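Let's take a walk through this model together. Have the sequence and the 3D view open, and we'll go from one spot to the next.

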Amino acid sequence: MLYVAISKKVARMSEQKDPKTILYIEDDLANRILVRRVMQAEGYRVLEAETGKLGIQMAQAEQLALILVDVNMPEMDGFQVTGVLRSFPALQQVPIIALTANVMKGDREKALAAGCSGYIPKPIDVDQLPVQLASFMKK
């Protein structure tokens, strides 16, 4: 039964001529794999960048529906990355969502003040993530 459900989902994905592309900027491989698997199963194309600098380069080269950014990264944190991304006219309307383990009081407000369109705390709920991200892409 599970095989049939997965097969139908794969068939729907292959019917999509232009799947929406999500860029996930995250230094942790396990987090990238999890988000990629969840969102690809929903029919999205997921690009991954392990550093902020690479993420900025990729964001400039791709047509994106949404950007996910981890806040805690070496060299360039997610707030710095978001600031740079927001400086590009082509990316000003692309939703940037902070996907972060920072869950203290005020962390959501910091993310929004840095230019993020939203904030999703880790650990993620794999059942809710596609719904949450789809809501940001509709705004």
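Start at Asp70, which touches Ile25, Glu26, Asp27, Gly78, Leu99, Thr100 and Lys122, leaving out residues up to four places away in sequence; contact here means heavy atoms within 4.5 Å. Before going on, note that this is a predicted model, where local features need pLDDT of at least 70, side-chain atom pairs count only at pLDDT 80 or more, and totals for chains, interfaces and linings use all residues. Residues are numbered from 1 along each chain as its sequence is written, and side-chain values use heavy atoms, with hydrogens and water left out.

Asp70 sits in the loop between S3 and H4 (helices, H or I with at least four residues, and strands, E with at least two, are DSSP runs numbered from the N terminus). With a relative accessible area of 3%, Asp70 is buried; the cut-offs are under 20% for buried, over 50% for exposed and partly exposed in between, using a 1.4 Å probe and protein chains only. Leu99 is 29 residues away from Asp70 in sequence, yet their C-alpha atoms are 5.2 Å apart.

The side chains of Asp70 and Lys122 are joined by a polar contact of 3.4 Å (a pair of N or O atoms within 3.5 Å, where within protein one must be able to donate a hydrogen and the other to accept it, and residues adjacent in sequence count only if both atoms are side-chain atoms). Pro123 belongs to the loop between strand S5 (118-121) and H6.

Back in the loop between S3 and H4 you'll also find Glu75. Glu75 isn't a glycine, but has a positive phi of about 70 degrees. Most residues other than glycine have a negative phi, and most peptide bonds are trans.

Now for the helix pair. The axes of H2 (residues 29-41) and H6 (residues 129-138) come within 10 Å and cross at roughly 75 degrees; axes are lines fitted to C-alpha atoms, for helices over the stretch in contact, with angles from 0 to 180 degrees between N-to-C directions. H2 and H6 are therefore roughly perpendicular, a label covering 65 to 115 degrees, with under 35 roughly parallel, over 145 roughly antiparallel and the rest oblique. Val35, Val38 and Met39 of H2 meet Leu129, Pro130 and Leu133 of H6.
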